[in-house]
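This briefing is for a reader who is new to the structure shown below. Please keep the sequence and the model in view while reading the points.

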Amino acid sequence: MGEHDDINLTTPSFFGRHDPHPIWRRLRSEDPVHWTQGRLRHGFWSVTRHADMRFVLSNDTSIFSVQRHGANLPAGPEFEAPEDALFTELTHSGAQLAIMDGQPHTDLRRQFWTFFSPGGVRDLEGMVRRITGNLLADLLEQGSCDFTTDFAGKVPTAVIAAILGIPESHWADLYRWNNMLAAPEDPEFAVGDALATQTAGVANIMRTCIELAASKRGRGGADLLTALTTAEINGRPLTDTEIGFNGLMFFAAGHETTRASMSTGLAEMLADPGQWAYLRDNRQDRDVLRRAGEEFVRYSAPLTHTLRTATEDTAIGGQKIAAGDWVVLWFHGANRDPAVFVDPERFDVTRVKNEHLGFALGKHFCLGTHLARLDMAVMLSAMLEHLEDIEPAGPVEMASSNLFWGIKHLPIRFRAKSGRALREAVA
Ligand code: HEM
């Protein structure tokens with residue numbers, strides 16, 4: 001493993017212009033627990049094998065902490081000092097479900113479970129179908145679109161915004177600010193340098209969530225922002241910062257990763273139309289759609305990495321790790337590990353045994369898994385029913401981020417089967 005690879009892994013813009021998979025393949029076979037310095041002052045261990053990642057995630061809180069230094073690598077050296085970078089400061093604060101350890105994490109997670117449990121999500125199916133149907137009906141009349149921004153991003157944004165109780169007038173701004181937070185090095189989203197861009201994105205999303213939550217407080221609403229005003233950590237109500245930062249987490253996690261999974265899935269099927277044809281022939285079969293969604297997540301691994309800090313001296317895959325060391329789990333490494341997956345580099349919607357770690361596992365197993373699966377199944381089913389002869393209409397563009405990796409633009413053309421029928425069906 002060369003220094004060059006380490007620098008690339010810690011350079012978000014590399015992910016916008018190049019395919020990082022060769023690095024993860026090299027790491028997994030040559031140095032699966034690899035000391036990585038790269039561009040950052042704070043070096044870390046890169047973990048790329050499925051079994052090693054399972055070990056770390058299964059020992060959350062006992063041997064590893066997410067709270068001590070948060071779950072994300074700083075986007076660059078200028079993001080490393082918490083006093084200079086709002087997002088870094090917040091991710092070191094333990095002020096959000098995703099970056100809490102132990103019993104307080106378990107207690108807080110339980111308070112949001114009704115929104116994301118299988119039963120809670122089943123109740124949302126009608127709403128997801130309506131949102132999907134209306135958006136797709138608009139696109140059918142156009143005959144072409146940017147699949148990522150016009151559909152794969154809009155559906156989950158509308159769904160999570162409805163769950164949070166955020167009025168539609170805020171959605172476009174929140175979506176833009178989220179891109180600034182997730183890919184601050186991407187010139188398309190920049191409003192200054194990367195640090196200023198990310199700080200503005202974070203501050204704006206948090207302010208919006210805090211203001212909306214304040215307007216809902218005490219009114220007995222059934223939405224998730226109202227739930228944040230009544231939730232408790234260690235027996236006390238959440239502070240405004242905690243409300244804002246958790247609101248941000250739900251909004252970001254609720255749309256960004258689903259958008260990336262769907263976009264990757266479609267891009268791969270455009271390259272291999274036989275897989276689209278297979279899904280079309282089997283579009284009434286929920287199991288087929290569910291398996292396809294899992295493969296979208298395995299193959300795209302939209303959350304590129306998560307970070308943990310060792311709380312004691314330990315070993316991962318035989319490599320000694322000292323207390324205080326950072327450990328970065330690269331989901332793409334695990335999701336294409338030949339020790340676990342047959343023909344791992346092949347995108348295959350018919351894959352039956354698919355024990356990917358795209359939703360992680362253990363205490364921080366993705367809370368939105370059932371919702372993501374529903375969003376993807378409904379979107380896919382509507383597309384298979386109403387779109388024909390889809391073809392690329394321009395180059396695919398990737399976002400410059402080594403955290404939320406994925407397609408940011410996917411222009412397509414298509415023939416529409418039945419726009420009016422679709423609108424009537426969801427009316
Ligand atoms: C395909 C879509 C999705 C993927 C690939 C995905 C992936 C992940 C991963 C890997 C984690 C664990 C991070 C870690 O261990 O540090 C996670 C956590 C989380 N996800 Fe998702 N996610 C998706 C969709 C969603 C949706 C729709 C929501 C809804 C709000 C959501 C909410 C969350 C939350 C709240 C957590 C933190 C859970 C905790 O720490 O207890 N995710 N997600």
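Buried means under 20% relative accessible area, exposed over 50%, and partly exposed in between, with a 1.4 Å probe and protein chains only. This is a predicted model, in which local features need pLDDT of at least 70 and side-chain atom pairs count only at pLDDT 80 or more, while totals for chains, interfaces and linings use all residues. Residues are numbered from 1 along each chain as its sequence is written, and side-chain values use heavy atoms, with hydrogens and water left out.

**The five-stranded sheet**

- An open sheet is formed by 5 strands in the order E1-E2-E10-E7-E3, with mixed pairing. Strand E1 (33-36) and strand E3 (64-65) each have a single partner strand, so one side of each is left without a neighbour in the sheet.
- Strands (E, at least two residues) and helices (H or I, at least four) are DSSP runs, numbered from the N terminus. Two strands pair if DSSP finds at least two bridges between them.
- In general, strands of a sheet pair through backbone hydrogen bonds, either parallel or antiparallel.
- E3 and strand E7 (residues 305-310) run antiparallel and are joined by 2 bridges. Ser-65 has Thr-309 of E7 as its bridge partner, and Phe-64 stands opposite Ala-310 in E7.
- E7 and E10 also run antiparallel, joined by 5 bridges. Here Thr-306 stands opposite Leu-329 in E10.
- Helix H4 (residues 50-58) lies across E1, strand E2 (44-47), E3, E7 and strand E10 (326-330), and runs at about 125° to E10. Axes are lines fitted to C-alpha atoms, for helices over the stretch in contact, and angles run from 0 to 180 degrees between N-to-C directions.

**Trp-326 in strand E10**

- Trp-326 lies in strand E10 and is buried, with a relative accessible area of 5%.
- The C-alpha atoms of Trp-326 and Trp-45 are separated by 6.2 Å, although the two residues are 281 residues apart along the chain.
- Neighbours within four places in sequence left aside, the contacts of Trp-326 include His-42, Trp-45, His-69, Leu-73, Leu-307 and Thr-309. Contact means heavy atoms within 4.5 Å.

**The three-stranded sheet**

- An open sheet of 3 strands has the order E4-E14-E11 and antiparallel pairing. Its edge strands, strand E4 (144-146) and strand E11 (387-392), each pair on one side only.
- From one strand to the next, the twist averages 30°.
- E11 pairs with strand E14 (residues 411-416) in the antiparallel sense over 4 bridges, and Glu-388 stands opposite Arg-415 in E14.
- Helix H18 lies across E11 and E14, at about 100° to E11.

**The iron atom and Cys-366**

- The iron atom of the ligand has a single donor from the protein, the SG of Cys-366, 2.3 Å away. Donors are N, O and S atoms within 2.8 Å of the metal (3.2 Å for Na, K and Ca); water is not among the atoms, so sites may look incomplete.
- Cys-366 is placed in the loop between helix H17 (331-335) and helix H18 (369-386).

**His-255 in helix H14**

- His-255 belongs to helix H14 (residues 240-271) and is buried, with a relative accessible area of 0%.
- Apart from neighbours within four places in sequence, His-255 is in contact with Gly-153, Pro-156, Thr-157, Ile-160, Tyr-175 and Asn-178.

**Aromatic rings and charges**

- The count of aromatic pairs comes to 13. Rings of Phe, Tyr and Trp (its six-membered ring) pair if their centres lie within 6.5 Å; planes under 30 degrees apart count as stacked, over 60 as edge-to-face and the rest as tilted.
- The rings of Phe-15 and Trp-24 have centres 6.0 Å apart and planes at 55°, so the pair is tilted. Both Phe-15 and Trp-24 are buried.
- Phe-116 and Phe-250 form a stacked pair, 5.6 Å centre to centre with 15° between the planes. This pair links distant parts of the chain, with Phe-116 in helix H6 (residues 102-116) and Phe-250 in helix H14, 134 residues apart.
- Ring pairs also link Phe-14, Phe-15, Trp-24 and Trp-330 into a cluster.
- Arg-336 lies over the face of Tyr-299, 3.9 Å from the ring centre, and the charged end of Lys-408 sits over the ring of Phe-189, 5.5 Å from its centre. A charge sits over a ring if NZ of Lys or CZ of Arg is within 6 Å of the ring centre and within 35 degrees of the ring normal.
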